[in-house]
Amino acid sequence: MTTMIRNPAWYLSLLILLLISACESKEQTAVELRDNTQEVLDYYTSQPEFFSFKTLDDLPADLNWENGSELAEFSSERARKGGTQYASIDDFPRTLRPVGPDSNGSFRRWILDYFSMSVAQIYPNDSNQFFPGLATAWAVSPERKTTYIRLNPDARWSDGAKVTADDYLFTFFFYRSSYIVAPWYNNWYGTMYTNITRYDDYTISISIPNVKPNMRERTLSLGPTPQHFYKELGEDYVERYQWRFVPTTGAYQVLPADIKKGRSIALTRVKNWWAKDLKFWRNRYNVDRIHFNVIRDTSKVFEAFLRADIDTFSLNLAEYWYDKLPDDHALVAKGYVHKKVFYNQHPRPTYGLWMNSSKTLLDQQDIRIGINYATNWDLVIEKYFRGDYERLQSTADGYGDFSHPTLKPRPFSIEKAQAHFAAAGFKTRGNDGILVNNENRRLSFTLSTGYEALKDVLTILKEEAAKAGVEFRIEVLDGTTAWKKVQEKKHDIHFSAFGVGLEMYPRYWETYHSVNAYDQAFLEDGSVNPERKVKTQSNNLEIVADAKIDAMIEAYRASSSRSEMIDLSHRLQQALFDYASFSPGFKQSYYRIGHWRWLRFPESFNVKHSSTSGEYFVHWIDEDIKAETLAARDSGIQFEPQIRIYQQYRND
């Protein structure tokens, strides 16, 4: 007997769904079956000089073990656990991957830099000291090329797996792999270390090629990589791990349910975090949850802050400190919102104009020097920042002896700018005042930025540059789009800054070596390769490719002498000044914030080397004070105003 199908379309739809389900099942099975364990082991075997396997009996007997126990804690015993901190981001992250394409966005610090733990951490009140992170103790070899490390057997990944020596070995497989599409990491982990030795599950040693002044920083700053999580690592890494949060050893994780693409994302404190009761880690990372809403416009962020929808707001900009939230503002005068200034000591971010010297016109030194003279940063500091900021002196401010002692940026000078523009063939002004050359080409460039809050800075620069005959066409993008543009090297001139870590001396290879500017900058005879192509996804935003600069950078990286490195650092800063592809902008020796009174801080407010109020997570939320404050706001009850300046680390 034949059964007729009453609804063929329905049947066909069902069949398609079954086929799709079957395909998805096969894909999931393929994912589950992938296991790169043997590939990893083969990699270790293929490099016996780099990956060593020994026993505890092979450890040197005369090691001097350290653990930082003599250092004082910097958190507050008054801290309370609990509560949700509300914050904002100006754009949704493009990925949760910590490395690879699009990973180096502004949200990266929240999933890696702020929370990930290394062997030991730089002590934030004395950058020459370290306190334990994933290690219980460490020892440096007499020749100062090898650090021996005892890992904490209690350390756990956020998914509950143990952190072992194998995760440190895997770090070098992962970061040297072409799978991750991250040339900087490939180079760093491929050249800055010479050996890792496994003695047992919780004992390793790490060696570097040269004795360096920051030897301990180089080895103790290493973190593990969860081998169990990356068993599926392969050619499709970028897509496969795009939205998968990597298990962390730190306090916070991103849960899948908290990813609302385009709208919000949240961090949740790891339940029973393994380090919560350890010295230096207790009484930190106190809030249960940090919730970020995407708010693209700074004025809207400020409005959200005034409504208490977010807990803190940066008051670094003069218009917010003096005008929009003055000391007599009702929220401040009634004590609901506190204003704080904290002087810190930290290498300064490189705010300035980054010129793409591979572009037509910008490939001429006279044009670049002319732009430096045509850029009126002093007026920006006086008019926009109201004299509160200072002029950035070079590409490497804030590194003590390694910063150039006498180098000064070019001042604004219409006369000198025009002289250099004339030397490049731009001698005549058009009807609008912009210089043109004999081919009637205008001296005009797109000046882009991802800093919506600082767009008025560009307006000042544009107006002043026009006086010298150069046009800046302003382009304000969201942060993620702007970063993508410069990573693809599509910019003319970009107003930006690299955030800098707490390091002994500046880095030059990443931003100024030709290997990060072009695929092959020079031919074997040292001449310029006429067929060279700009390299994308690198931090050489100025496309600097100079053989003499390369040689100094390589000598700087290889040097074991502090005095030689200082000399090379000064010479490099001078060479980069002469190349003139960077126009140094501004810096500040403090940070300013406003926060609702329920957000509490230690008595000293923060640590010496903090770059933001939240970087070391010594704050906490007092839910009782929050309820009291919100009720007082509604009823009109007032509290003592709090406007404080912390100057214990001021260094004029």
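The model is predicted, so local features need pLDDT of at least 70, side-chain atom pairs count only at pLDDT 80 or more, and totals for chains, interfaces and linings use all residues. Residues are numbered from 1 along each chain as its sequence is written, and side-chain values use heavy atoms, with hydrogens and water left out.

I will start with the sheet. Strands of a sheet pair through backbone hydrogen bonds, either parallel or antiparallel. Here an open sheet has 5 strands in the order S1-S7-S8-S6-S5, and the pairing is mixed. Its edge strands, each pairing on one side only, are S1 (51-53) and S5 (135-140). Strands (E, at least two residues) and helices (H or I, at least four) are DSSP runs numbered from the N terminus. Two strands pair if DSSP finds at least two bridges between them. S6 (residues 146-151) and S8 (residues 203-207) run antiparallel and are joined by 5 bridges.

Helix H4 (residues 165-176) lies across S1, S6, S7 (195-200) and S8, at about 155° to S7. Axes are lines fitted to C-alpha atoms, for helices over the stretch in contact (heavy atoms within 4.5 Å), and angles run from 0 to 180 degrees between N-to-C directions.

On a 1 Å grid over the protein atoms alone, a cavity is a set of points where a 1.4 Å probe fits but cannot get out; a pocket is an open set with protein on both sides within 12 Å along at least five of seven lines; lining residues have an atom within 4 Å of a point. Points are joined across faces, edges and corners, and a volume is the space filled by probe spheres set on them.

The largest pocket holds about 1100 Å³. It has 45 lining residues, with Gln345, His346, Gly398, Tyr399 and Gly400 nearest its centre. By type, the lining has 12 nonpolar, 18 polar and 15 charged residues. Nonpolar means Ala, Val, Leu, Ile, Met, Phe, Trp, Tyr, Cys and Pro, charged means Asp, Glu, Lys and Arg, and the others, Gly among them, are polar. Helix H6 (215-220) and helix H18 (562-579) each supply at least two lining residues.

How many cavities of 30 Å³ or more does the whole structure have? The search finds 2. The second largest cavity has about 70 Å³. H18 gives the most to its lining, with 3 residues.
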